[in-house]
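Reader: I have a model open and some questions about it. Can we go through them one by one?

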There are 2 protein chains.
Amino acid sequence: MIVVGIDPGTANTGYGVVARQGGRMVALDGGVVQTSPSAHPAARLATIHARVSELLDEHRPEAVAVEELYFGANVRSALAVGQARGVVLLAAGQRGIPCWSYTPQQIKGAVCGSGRAAKDQVQRMVQTLLSLEELPRPDHAADALAVAICHANSAPMRRALARRDTVGGRR
Amino acid sequence: MIVVGIDPGTANTGYGVVARQGGRMVALDGGVVQTSPSAHPAARLATIHARVSELLDEHRPEAVAVEELYFGANVRSALAVGQARGVVLLAAGQRGIPCWSYTPQQIKGAVCGSGRAAKDQVQRMVQTLLSLEELPRPDHAADALAVAICHANSAPMRRALARRDTVGGRR
């Protein structure tokens, strides 16, 4: 199973592509879509949508896993993150690929066993789980790999327990 | 000049198309893109993006005017509105059409002369300014016509005062 993980943001949208076969996971791709603050919002969103669409067409994942808004975000940042999330979900929706959302706590719990793990712990676990030679960088790419791992690890149980959810993810 | 106004929302995205020639304005189209709460978010966003894209291709507007988040929105509604806003801005950005954002106060001020006008006052002014036989309905379509009027009325002055802004709208 291939999962594309996304950490959405207007300036930096992290992405990570993970393949799981049995108990083994590997990273197929990872990076950040950066947009310039001097470009207008519609153009920045078009860049994010185009790059995510390319990734989905290239890897044809079984699912897209998207990081939820962090706890404590304010209204203005929620609106900006929402806009970036919107075009990411759209790219998946246009291809009929199911989307799932996970909170930062769920992701840390799935990767490190604790929802309160520190950022560098998460990065070391991502490195270990994917057998990477170095720590995953930059942060947004590491976060995106973590949400992809979170989905890849929880998907079999989720499918068994809640079959009807698998067509669309969290509503 | 033709302006497409949008009042974005996941369940209901209002749209209104206004043409201005000299001092006269007419409504070319208006309505609401509705999506089902039982559809998953990615599919709802795909519906909104497809319908807004159609509208832009049909009317080829000079600008898209989008209502900003209302004051007092909470983080969860900001995220949801942001997702819908994101795919609306994207549809404009993919076509190189400039987008502008206006707060509800700016819209009421432009349409009624007061940022604190009541909803029914705004609707009556929209009816009068566009010479409609009836009050514009439903509310989301009326709001979208109002933001289109707001932009059509403010655009000439805005172009004169802030030329460099016209390529992209509010950053």
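Reader: Start with Ser131(A). Is that residue buried or exposed?

Author: Ser131(A) counts as exposed, because its relative accessibility is 57% and the cut-off for exposed is over 50%. Bear in mind that this is a predicted model.

Reader: Where does Ser131(A) lie in chain A?

Author: In the loop between α4 and α5.

Reader: And what is phi for Ser131(A)?

Author: Phi is near 50° there, a positive value in a residue other than glycine. Most residues other than glycine have a negative phi.

Reader: Is Arg60(B) buried or exposed?

Author: Arg60(B) has 69% relative accessibility, so it counts as exposed.

Reader: Back to the loop between α4 and α5 in chain A. Where is Pro138(A)?

Author: Pro138(A) has its place in that loop, between α4 (119-129) and α5 (139-161). A cis peptide bond joins Arg137(A) to Pro138(A), with omega about -10°.

Reader: What kind of peptide bond joins Arg137(B) and Pro138(B)?

Author: A cis bond, with omega about -15°. Pro138(B) sits in the loop between α4 (119-129) and α5 of chain B. As background, most peptide bonds are trans.

Reader: Moving on to helix α5 of chain B. What can you tell me about Ser154(B)?

Author: Ser154(B) is found in that helix, which covers residues 139-161. Ser154(B) is partly exposed, because its relative accessible area is 23% and buried would require under 20%.

Reader: How far is Ser154(B) from Ala110(B)?

Author: Their C-alpha atoms are separated by 7.7 Å, while along the chain the two residues are 44 apart.

Reader: Zoom out. How many helices and strands does chain A have?

Author: Chain A has 5 helices and 5 strands. From the N terminus on, the order is β-β-β-α-β-α-β-α-α-α.

Reader: How much of chain A is buried?

Author: Of its 171 residues, 51% count as buried. Chain A exposes about 7,800 Å², with carbon and sulfur atoms supplying 51% of that area.

Reader: What share of the contacts in chain A join residues at least 24 apart?

Author: That share is 63%, taken among contacts between residues at least 6 apart in sequence.

Reader: Charges next. How many positive and negative side chains does chain A have?

Author: There are 19 positive and 14 negative side chains in chain A, and the centres of the two sets lie 7 Å apart.

Reader: Why do you say the copies meet through the same surface?

Author: Because 100% of the interface residues of chain B are also interface residues in chain A.

Terms used: Residues numbered from 1 in each chain as written. Chains lettered and ligands numbered in written order. Predicted model: local features only at pLDDT ≥ 70, side-chain atom pairs only at ≥ 80, totals over all residues. Heavy atoms only, no water. Helix = DSSP H or I, 4+ residues; strand = E, 2+ residues; numbered from the N terminus. Buried < 20%, exposed > 50% of the residue type's maximum accessible area, 1.4 Å probe, protein only. Contact = heavy atoms within 4.5 Å. Areas by Shrake-Rupley, 256 points an atom, 1.4 Å probe, with all protein chains shown as cover. Lys, Arg positive; Asp, Glu negative; His and termini not counted. Charge placed at Lys NZ, Arg CZ, Asp CG, Glu CD.
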